[in-house]
Amino acid sequence: MDKFDLLIVGVGGQGVILASDIIGKAAVQEGLPVRSAETHGMAQRGGAVENHVRIGCKYGSLIPAGGADCLMSMEPLEALRFAKYLNTKGLAVINTEKIVPVTVNLGKVPYPELDTIRDTMKGLCAEVKMEDYTALAKKAGAVQALNVVMIGAVSKYLPISQETLKEVIAKSVPPKTVAVNLKAFDLGREA
């Protein structure tokens, strides 16, 4: 594979930026050209966070609409928000743990059912994987490892070896959390 465009999305505090840093550094370690761009305006207040990671890309750092090979969404509603970026032959990997936005809490709009989100995404791309990746992070030992669980889940599709990804994860997380994060990666890869 000479090119792979990955869009990572979630809300502030879920580790979207660290996930893209890990994947980007792993690509560089394997000698692959990589470009990335992040957007996180109100991220610290639970706002949307998006990060474009383009492996093997010769041009810009932003994935065009309809160009992403994979959408990795750490929150289900965010998958819908960023679905326009997915290629019709692409893959959506979606965490099912909801983080309810303020507008839903205020009763202004309903939060869509997970089945509705799944069915909508299935109509937009070739494959949809929805799992409770947050539960796998808790099983690994820390809910904060959600981003690494999801890196494990998409690792089967990336043009990067799992050994390189695990090596970069071990270098990127606090030393006392390395074992938890490596277990999180394995649980995500097996899901």
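This is a predicted model: local features need pLDDT of at least 70, side-chain atom pairs count only at pLDDT 80 or more; totals for chains, interfaces and linings use all residues.
Begin by selecting the six strands that form an open sheet in the order E2-E3-E1-E4-E5-E6. The pairing within this sheet is mixed. In general, strands of a sheet pair through backbone hydrogen bonds, either parallel or antiparallel. At the edges are strand E2 (34-39) and strand E6 (127-131), each of which pairs on one side only. Direction ignored, neighbouring strands of this sheet are turned by 15° against each other on average.

Next, select E2 together with strand E3 (residues 48-55); the two run antiparallel and are joined by six bridges.

Which strands does H4 lie across? They are strand E4 (68-73), strand E5 (86-95) and E6. Relative to E6, helix H4 runs at about 160°.

**A salt bridge**

Turn next to the side chains of Asp-69 and Lys-3, which meet in a salt bridge at 3.8 Å, N to O. This pair links distant parts of the chain: Asp-69 belongs to strand E4, while Lys-3 lies in the segment before strand E1 (4-11), and the two residues are 66 residues apart. The model has six salt bridges in total.

**The largest pocket**

Finally, select Val-143, Gln-144, Ala-145, Leu-146 and Asn-147. Of the 19 residues that line the largest pocket, these are the closest to its centre. The space in this pocket amounts to about 310 Å³.

Which helices each supply at least two residues of the lining? Colour helix H6 (146-154) and helix H8 (178-190) to see them. The largest share, three residues, comes from H6. By residue type, the lining divides into ten nonpolar, eight polar and one charged.

Notes. Residues are numbered from 1 along each chain as its sequence is written. Side-chain values use heavy atoms; hydrogens and water are left out. On a 1 Å grid over the protein atoms alone, a cavity is a set of points where a 1.4 Å probe fits but cannot get out, and a pocket is an open set with protein on both sides within 12 Å along at least five of seven lines; lining residues have an atom within 4 Å of a point. Grid points are joined across faces, edges and corners, and a volume is the space filled by probe spheres set on the points. Helices (H or I, at least four residues) and strands (E, at least two) are DSSP runs, numbered from the N terminus. Ala, Val, Leu, Ile, Met, Phe, Trp, Tyr, Cys and Pro count as nonpolar, Asp, Glu, Lys and Arg as charged, and the others, Gly among them, as polar. Two strands pair if DSSP finds at least two bridges between them. Axes are lines fitted to C-alpha atoms, for helices over the stretch in contact, and angles run from 0 to 180 degrees between N-to-C directions. Contact means heavy atoms within 4.5 Å. A salt bridge is a side-chain nitrogen of Lys or Arg within 4 Å of a carboxyl oxygen of Asp or Glu.
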